[in-house]
Amino acid sequence: MKQPFEKVVVQHGSTVLRVARAVLGHADADDAWSDTFLAAMKAYPDLPADANVEAWLVTIAHRKAIDVVRATSRRATPVPDTPDRPSHDHAEGHHRELTEAVAALPTKQRQAVAYHYLAGLPYAEIATLLDSSAAAARRAAADGIAALRRSYTHDTETESADDHR
Amino acid sequence: MTTVDLAALYPIDDDDLTRLHARLATAAERDDLLDVAYRTVDSPVGSLLIAATPAGLVRVAFTIEGHDAVLQHLSDRISPRLLHAPARLDAVAQQLDEYFSGRRHGFDVPLDWQLSKGFRRTVLEHLALDIEYGTTASYGTLARLSGSPKAVRAVGTTCATNPIPVVVPCHRVVRADGALGGYRGGPAAKLILLDLEGAA
């Protein structure tokens, strides 16, 4: 049974926005989200009733993110969360450093990490999106997570770690 | 071992989703993709779900019908391109508000009759036109008005399944013996509406 599109937006809106923010950065994520759901709404009547809706949305979001990057191609690397608000709060500063670390990942690693760890896409499907093999997609995600762990570890070692569990 | 909780790294604010949803509804309307728009309005007969196609008001639903079930039905019958999009329903919502506060005795909004076919549609159109605010008619009278005096039972079914209650005033149709008869919103809602109109 196919749900009304309203339910699709309510159920998957957060995940698509997280993926867009991770892949594109905060500034362009809104446009990618809007383009994604508008295109999805257009195609929705033809989507098979048993399709994996979230995977389908991430596929559309992937393409729309590429379009948004092309449209704003002056920017070499994505803008991370809260770029212009220096924070003295340790947790917030730490958070910012991590989103910056995500933004600094090579594009394929960032995409593989976002699609797998935020959207739960299997590597076989990520491989289709990234035009590579499942093994390469898995490696890209693993390399990305390893890089994020290094920045996380570096951060907790160089600053007081008492508020991290 | 240190794990990276990515989802926590991108916290989503409800305000952001509300804003993006509204932007989507506007864009969908602009691109002719919004096949069904809906919203809810508070009323003396409970929360009403109201839904409109580009052609007009297509459904008014009572809480006891289950709003989720009603949305699913609209999605199946009309189109799954269905969004919470209040703007298209501004006029209907305002007129309902005026009606429930006693300042309005008739509705002036376009209606989409696609959920009522054939004889049922004939019955409901007569109901909307011929039975005025503050009056009641029997099922038999409405059957006569609809041109099929013997179809009293069919008229009863039609009223019980009226997709646009309140606006198409099936609450004004009662049994010949003076009993209320059934109502999609329940007998209490029917009584409240007749009471409001001073017809009870």
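Colleague: Before we start, what makes a residue count as buried here?
Modeller: A residue is buried if 20 or more other C-beta atoms lie within 10 Å of its own. This is a predicted model, and of the 165 residues of chain A, 39% count as buried.

Colleague: What pattern does chain A follow along the sequence?
Modeller: Chain A reads α-α-α-α-α-α-α, with seven helices and zero strands. Among its contacts between residues at least 6 apart in sequence, 68% join residues at least 24 apart.

Colleague: What is the average pLDDT of chain A?
Modeller: The average for chain A is 86, and 82% of the residues score at least 70. Over residues 159–165 of chain A, however, the pLDDT is below 50, and that stretch has five contacts in the model beyond near neighbours in sequence. Where pLDDT is low, the predicted coordinates should not be read in detail.

Colleague: Let us turn to the helix packing. At what angle do helix 2 and helix 3 of chain A pack?
Modeller: Helix 2 of chain A packs against helix 3 (residues 53–71) of chain A at about 130 degrees, and their axes are 8 Å apart. Helix 2 of chain A is therefore oblique to helix 3 of chain A.

Colleague: Is that crossing left-handed or right-handed?
Modeller: Helix 2 of chain A passes helix 3 of chain A in a right-handed crossing.

Colleague: Which residues meet there?
Modeller: From helix 2 of chain A, the residues are Asp28(A), Asp31(A), Ala32(A), Asp35(A), Thr36(A), Ala39(A) and Ala40(A). They meet Leu57(A), Ile60(A), Ala61(A), Lys64(A), Ala65(A), Asp67(A) and Val68(A) in helix 3 of chain A. By class, the contact between the two helices has eight nonpolar, one polar and five charged residues.

Colleague: Staying with Leu57(A), is it buried or exposed?
Modeller: Leu57(A), in helix 3 of chain A, is buried, because 24 other C-beta atoms lie within 10 Å.

Colleague: And which residues does Leu57(A) touch?
Modeller: Leaving aside residues up to four places away in sequence, Leu57(A) touches His12(A), Val16(A), Thr36(A) and Ala40(A).

Colleague: Now the interface. How many residues of chain A are in contact with chain B?
Modeller: On the chain A side there are 32 residues, in contact with 26 residues of chain B. Helix 1 (5–24), helix 2 (26–43), helix 4 (90–104), helix 5 (107–118) and helix 7 (134–158) of chain A each supply at least two residues of that side.

Colleague: Which helix of chain A gives the most?
Modeller: Helix 1 of chain A gives the most to the side that touches chain B, with nine residues. By class, the residues on that side of chain A divide into 18 nonpolar, seven polar and seven charged.

Colleague: Over to chain B, then. What is phi of Asp32(B)?
Modeller: Phi of Asp32(B) is near 60 degrees, a positive value in a residue other than glycine. Asp32(B) lies in the loop between helix 2 (14–30) and strand 1 (36–41) of chain B. With 10 C-beta neighbours inside 10 Å, Asp32(B) counts as exposed.

Colleague: Where is Val166(B)?
Modeller: Val166(B) is in the loop between helix 7 (152–160) and strand 6 (173–174) of chain B. Val166(B) is not a glycine, yet its phi is positive, at about 75 degrees.

Colleague: Is Val166(B) buried or exposed?
Modeller: Val166(B) is buried, because 22 other C-beta atoms lie within 10 Å.

Notes. Residues are numbered from 1 along each chain as its sequence is written. Chains are lettered from A and ligands numbered from 1 in the order in which they are written. This is a predicted model: local features need pLDDT of at least 70, side-chain atom pairs count only at pLDDT 80 or more; totals for chains, interfaces and linings use all residues. pLDDT is the predictor's confidence in each residue, from 0 to 100. Two residues are in contact if their C-beta atoms, placed from the backbone, lie within 7 Å. Helices (H or I, at least four residues) and strands (E, at least two) are DSSP runs, numbered from the N terminus. Ala, Val, Leu, Ile, Met, Phe, Trp, Tyr, Cys and Pro count as nonpolar, Asp, Glu, Lys and Arg as charged, and the others, Gly among them, as polar. A residue is buried if 20 or more other C-beta atoms lie within 10 Å of its own, exposed if 12 or fewer, and partly exposed in between; C-beta atoms are placed from the backbone. Axes are lines fitted to C-alpha atoms, for helices over the stretch in contact, and angles run from 0 to 180 degrees between N-to-C directions. Angles under 35 degrees count as roughly parallel, over 145 as roughly antiparallel, 65 to 115 as roughly perpendicular and the rest as oblique. A crossing is left-handed if the near helix is turned anticlockwise from the far one by less than a right angle, and right-handed if clockwise.
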